[in-house]
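Thank you all for making time for this.

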Amino acid sequence: MLSPSAFVPTSHSNGCFAGFLNLPSSSATTFQFSKKQGSWIRKAGDTEITAKFELKPPPYPLDALEPIMSQETFEYHWGKHHRAYVDNLNKQIEGTDLDGKSLEETIIMAYNNGDILPAFNNAAQVWNHDFFWESMKPGGGGKPSGELLKLIERDFGSFEKFVDQFKLVASTQFGSGWAWLAYKESRLDVGNAVNPLATEEDKKLVVLKSPNAVNPLVWNHHHPLLTIDVWEHAYYLDYQNRRLDYISVFIDKLVSWDAVSSRLEKAKAVIAEREREEDRKRRGEGKSTTGKEATPTPEILADIDTN
């Protein structure tokens with residue numbers, strides 16, 4: 001049996017999640033911010049707020065998941081905790097370089113290749129909770145079907161073995177955090193490496209856990225499909241300290257496998273389009289160098305101010 005630590009990605013640096021964002025990998029981009037005494041320098045002059053993040057309601061009434069997840073839990077978890085993340089995020093980004101960015105861009109930029117900036121935790125928690133609410137539905141749970149079930153059986157051996165791994169990972173996340181089912185691309189995390197086009201067999205479902213607010217948006221080539229919140233405030237009113245009971249009923253009676261299947265299809269479509277684009281670029285580069293010797297590009301050295 002694998003130890004719980006086997007489900008933690010070995011590196012969180014230089015990564016981004018392209019499945020929902022369609023953003024370039026942060027391994028090729030470094031975001032820089034002006035910081036002074038641990039806080040961002042705000043823009044000079046009058047500041048016009050170009051965007052405000054709003055608290056999204058769950059896609060069902062607050063009492064729709066009772067008695068498994070009570071309305072009282074939603075009133076505290078969504079109405080107070082989730083709302084606080086949104087309000088604090090808006091205060092943190094006002095007048096900074098993040099003002100006007102999308103939520104996903106804010107997460108990637110504030111993660112800052114592991115050198116986390118102040119807005120990251122609130123931004124990631126806003127996204128995590130939106131994703132969590134949409135991972136559940138009234139009358140959920142049971143067993144998935146179609147392509148999703150086939151992949152689960154291929155990558156975990158059976159649906160029951162997947163459930164066992166998911167429960168293990170979620171129950172052994174020390175302290176606050178999240179457990180995830182993700183679709184992982186088989187690619188080299190090396191900036192100058194040529195990644196051959198992967199076959200469908202190279203891509204696989206994986207179960208992972210993350211501490212605090214960290215999510216797969218900041219990991220290389222991981223496309224999140226399902227999550228469970230294992231912060232204590234997610235379940236204490238209904239289950240007290242019985243985290244495993246909460247995880248079990250989440251899987252058995254709450255998971256929206258329709259949502260998970262839809263996310264899988266979107267992830268596969270994004271991956272396929274990126275692979276086609278990479279193939280077109282390689283073909284174009286090959287044509288440009290045939291029949292004529294390429295002219296060497298002179299090396300230009302310049303002082304770069306990185307401050």
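Predicted model: local features only at pLDDT ≥ 70, side-chain atom pairs only at ≥ 80, totals over all residues.

Asn 212 has a positive phi of about 55 degrees, although it is not a glycine. To put that in context, most residues other than glycine have a negative phi, and most peptide bonds are trans. On the peptide bonds, I would point you to the one from Glu 66 to Pro 67, which is cis, with omega near 0 degrees; Pro 67 belongs to the loop between strand 2 (39-40) and helix 2.

Let me step back to the chain as a whole. Its secondary structure comes to 9 helices and 5 strands, and, if you read along the sequence, the pattern is α-β-β-α-α-α-α-α-β-β-β-α-α-α. Of the 307 residues in the chain, 44% are buried. If we take the contacts in the chain with a separation of 6 or more, 79% of them are accounted for by residues 24 or more positions apart.

That brings me to the interior. In soluble globular proteins, nonpolar side chains tend to be buried together. Here the largest nonpolar core has 75 residues, and the members that touch the most other members are Phe 162, Ile 228 and Phe 250. Helix 4 (residues 120-133) gives the most to this core, with 8 residues. What does Ile 228 contact, once its neighbours within four places in sequence are left aside? The partners are Phe 132, Phe 166, Ala 170, Gly 177, Trp 178, Ala 179, Tyr 246, Ile 247 and Phe 250.

Next, the way the helices pack, starting with helix 3 (residues 103-111) and helix 4, whose axes come within 9 Å and cross at roughly 145 degrees. Helix 3 passes helix 4 in a left-handed crossing. On the helix 3 side the contact is made by Leu 103, Glu 104, Thr 106, Ile 107, Ala 110 and Tyr 111, and on the helix 4 side by Phe 120, Ala 123, Ala 124, Val 126 and Trp 127. Sorted by class, this contact of helix 3 with helix 4 has 9 nonpolar, 1 polar and 1 charged residues. Helix 3 is mostly covered, with 7 of its 9 residues buried, among them Ile 108 and Met 109. Helix 3 is followed by Asn 112, whose phi is positive, near 55 degrees.

The other pair I want to show is helix 5 (residues 146-156) and helix 6 (residues 159-171), whose axes come within 8 Å and cross at roughly 75 degrees. Angles of 65 to 115 degrees count as roughly perpendicular, and therefore helix 5 is described as roughly perpendicular to helix 6. Helix 5 brings Leu 149, Ile 152, Glu 153 and Phe 156 to the contact, while helix 6 brings Phe 159, Lys 161, Phe 162 and Gln 165. By class, the contact of helix 5 with helix 6 has 5 nonpolar, 1 polar and 2 charged residues.

I will finish with two individual residues. Apart from its neighbours within four places in sequence, Thr 73 is in contact with Trp 78, Ala 234, Leu 237 and Asp 238. Ser 262, found in helix 9 (residues 257-288), is instead partly exposed, with a relative accessible area of 34%. Ser 262 and Leu 225 are 37 residues apart in sequence, and their C-alpha atoms are 8.6 Å apart in space.

Definitions and conventions
Residues numbered from 1 in each chain as written. Heavy atoms only, no water. Axes fitted to C-alpha atoms, helices over the stretch in contact; angles between N-to-C directions. Helix = DSSP H or I, 4+ residues; strand = E, 2+ residues; numbered from the N terminus. Parallel < 35°, antiparallel > 145°, perpendicular 65-115°, else oblique. Contact = heavy atoms within 4.5 Å. Nonpolar A, V, L, I, M, F, W, Y, C, P; charged D, E, K, R; others polar. Core = buried A, V, L, I, M, F, W, Y, C linked by side-chain atoms within 4.5 Å. Buried < 20%, exposed > 50% of the residue type's maximum accessible area, 1.4 Å probe, protein only. Left-handed = near helix turned anticlockwise from the far one by under 90°.
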